Amino acid sequence: MAVKTDIEIAREARKKPILEIGAKLGIPAGHLLPYGHDKAKIDQAFIKGLAGKPSGKLILVTAINPTPAGEGKTTTTVGLGDGLNRIGKKAVVCIREASLGPNFGMKGGAAGGGYAQVVPMEEMNLHFTGDFHAITAAHNLLSAMIDNHIYWGNSLEIDERRIVWRRVMDMNDRALRDIVVSLGGISNGFPRQTGFDITVASEVMAILCLSRDLADLEKRLGDIVVAYTRDKKPIYCRDLKADGAMTVLLKDAMQPNLVQTLENNPAFVHGGPFANIAHGCNSVIATTTALKLGEYVVTEAGFGADLGAEKFFDIKCRKAGLKPAAAVIVATVRAMKMNGGVAKADLGTENVEAVKKGCPNLGRHIGNVKSFGVPVVVAINHFFSDTDAEVAAVKAYVAEQGAEAILCKHWAHGSAGIEELAHKVVALAEGGGANFAPLYPDEMPLFQKIETIAKRIYHADEVLADKSIRDQLKAWEAAGYGHLPICMAKTQYSFTTDPNLRGAPTGHSVPVREVRLSAGAGFIVAICGEIMTMPGLPKVPSAEVIRLNGDGNVEGLF
């Protein structure tokens with residue numbers, strides 16, 4: 001029997017009107033702004049009125065380091081939300097929005113898979129409610145106002161060599177990474193070198209996802225450092241008087257999006273900061289709103305736990321005052337085999353020894369998450385090629401780490417395939433074992449924060465950084481930014497900065513190539529290795545096969 005594709009399954013969904021989904025959470029129809037029949041935004045007035053309500057329990061879904069074998073973190077997030085509702089809990093799923101660039105490149109959609117999906121699938125992976133377009137417009141308005149200010153006399157004395165604010169677009173285009181603007185003569189301004197990043201890498205995206213409300217959003221936008229003068233004095237967004245207009249452009253984008261799972265359970269899909277250069281989580285306002293409306297909120301962090309969960313805990317939870325009740329680490333037998341040295345082409349063959357050899361990567365993540373004081377359970381996302389002996393090997397290894405691994409078949413069976421995990425998550429969350437604390441205190445010096453992450457999470461021996469980087473960090477401390485958390489930008493494929501080094505390596509060094517101040521978002525970015533903020537398309541991009549069929553439906557997106 002042929003296996004249905006994700007989009008075929010999504011098209012068969014029996015969706016309920018979005019007003020009905022809102023009613024399940026107690027949201028009156030008058031406080032929903034529908035976008036068609038199956039998606040809506042929740043207005044700010046309703047959200048503000050929830051302030052006095054108690055919060056539900058927050059469950060984080062994270063994963064091992066991603067491999068070409070696939071782990072299924074979003075699929076497990078959606079499946080667990082459905083599973084919790086199946087066992088009688090009022091649960092809400094919170095995930096990120098998808099970026100157009102990866103969809104037309106090689107990553108594909110970002111709304112789950114199989115029978116654990118959020119719908120409407122096509123809209124969510126294309127323009128959705130226009131949030132990313134609004135972020136793109138707000139970001140580029142600021143870019144335009146910088147060049148316009150210089151053109152009309154430059155009263156702020158901006159040093160054109162020290163403009164740090166680039167432009168963005170939500171598409172992969174390597175040709176725009178480094179460009180020269182304002183060519184063509186006096187009327188077009190002063191030529192200078194700049195470039196484009198992808199929209200998800202914009203600080204505006206990170207700001208929107210960390211802001212509590214519109215007033216907080218405008219304040220953070222004003223705090224953005226866009227350039228420096230010749231004597232290295234910072235120039236802020238508010239100096240250019242751009243923060244008010246940017247907030248106007250982001251007014252609707254700031255409102256969380258409500259959609260539904262295939263099983264008609266509520267899902268908030270809002271925001272999508274780059275998981276390398278930013279914190280990689282859905283918005284604070286979506287998460288905190290969901291916590292006021294549900295008993296359980298299931299959310300995910302970007303990439304593996306060494307990047308995603310660490311940033312979720314040390315940036316998002318710290319900034320928003322969130323305290324996770326439990327964490328789920330997603331792993332697959334296939335990924336364990338890849339970490340054990342098996343080539344992708346050979347993953348369908350049973351190899352228990354390779355599974356055992358690859359398990360230390362999972363073990364490292366278990367220990368790391370536990371170090372934040374959060375109870376952990378492992379979800380083994382099932383593939384048809386998994387054998388009983390391979391699954392048993394993973395379960396035995398996890399038991400040795402003081403945790404439990406549960407086989408989950410939500411991709412094939414929806415909530416019915418993940419009931420056991422749902423019960424375990426409830427037991428952990430209600431068992432009172434959570435004692436969450438970030439990895440480091442606010443007052444720790446910035447370089448020491450970087451060292452703490454590198455040594456405790458990556459198990460590195462040392463951090464390598466030039467004197468210029470250390471001096472820059474000290475200068476930021478002197479300027480009042482020393483309390484900010486660190487956002488590590490490194491490869492997601494390894495605990496090291498070498499993407500090809502899998503497993504659980506020790507004895508390595510973490511070189512910090514550059515540090516950047518995201519004053520509006522409220523963190524310091526430490527760039528380790530080569531991190532691309534404007535991806536390129538692959539040799540054969542997905543865009544080549546995406547089209548409308550004779551019925552007017554999208555084909556090739558998944």
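1. Helix α14 covers residues 352–370. Helix α15 covers residues 388–400, and the two pack at an angle of about 35 degrees with axes 9 Å apart. Axes here are lines fitted to C-alpha atoms, for helices over the stretch in contact, with angles from 0 to 180 degrees between N-to-C directions. Helices are DSSP runs (H or I, at least four residues), as are strands (E, at least two), numbered from the N terminus.

2. The model is predicted: local features need pLDDT of at least 70, side-chain atom pairs count only at pLDDT 80 or more, and totals for chains, interfaces and linings use all residues. Residues are numbered from 1 along each chain as its sequence is written, and side-chain values use heavy atoms, with hydrogens and water left out.

3. Which residues join α14 to α15? From α14 come V352, V355, K356, C359, P360, L362, G363 and I366. They meet A389, E390, A393, V394, Y397 and V398 of α15. Contact means heavy atoms within 4.5 Å. By class, this contact has eleven nonpolar, one polar and two charged residues. The classes are nonpolar (Ala, Val, Leu, Ile, Met, Phe, Trp, Tyr, Cys and Pro), charged (Asp, Glu, Lys and Arg) and polar (the others, Gly among them).

4. L362 sits in α14. L362 counts as buried because its relative accessibility is 0% (buried is under 20% relative accessible area, exposed over 50%, partly exposed in between; 1.4 Å probe, protein chains only). Setting aside neighbours within four places in sequence, L362 touches I64, I329, A331, M336, V378, V394 and V398. G294 is 68 residues from L362 in sequence, and their C-alpha atoms are 30 Å apart.

5. The largest nonpolar core holds 131 residues. Such a core is a set of buried Ala, Val, Leu, Ile, Met, Phe, Trp, Tyr and Cys residues joined through side-chain atoms within 4.5 Å. Those with the most contacts inside it are L142, V226, L250, F268, F313 and L362. Another core, of 23 residues, lies apart from it; I59, A91, V298 and V328 are among its members.

6. G367 is also placed in α14. Is G367 buried or partly exposed? G367 is partly exposed, because its relative accessible area is 40%.

7. The axes of α8 (residues 203–210) and α9 (residues 214–222) come within 9 Å and cross at roughly 150 degrees. The two helices are therefore roughly antiparallel (over 145 degrees; under 35 is roughly parallel, 65 to 115 roughly perpendicular, the rest oblique). Their crossing is right-handed. V204, I207, L208 and L210 of α8 meet D216, L217, R220 and L221 of α9. That contact has six nonpolar, no polar and two charged residues.

8. The V119 to P120 peptide bond is cis, with omega near 10 degrees. P120 lies in the loop between β6 (116–119) and α6 (121–125). F303, a residue other than glycine, has positive phi, near 55 degrees. F303 is in the loop between β16 (296–300) and α12 (308–320). H459, also not glycine, has phi near 60 degrees. H459 is in the loop between α18 (446–456) and β20 (462–464).

Conventions: Left-handed = near helix turned anticlockwise from the far one by under 90°.
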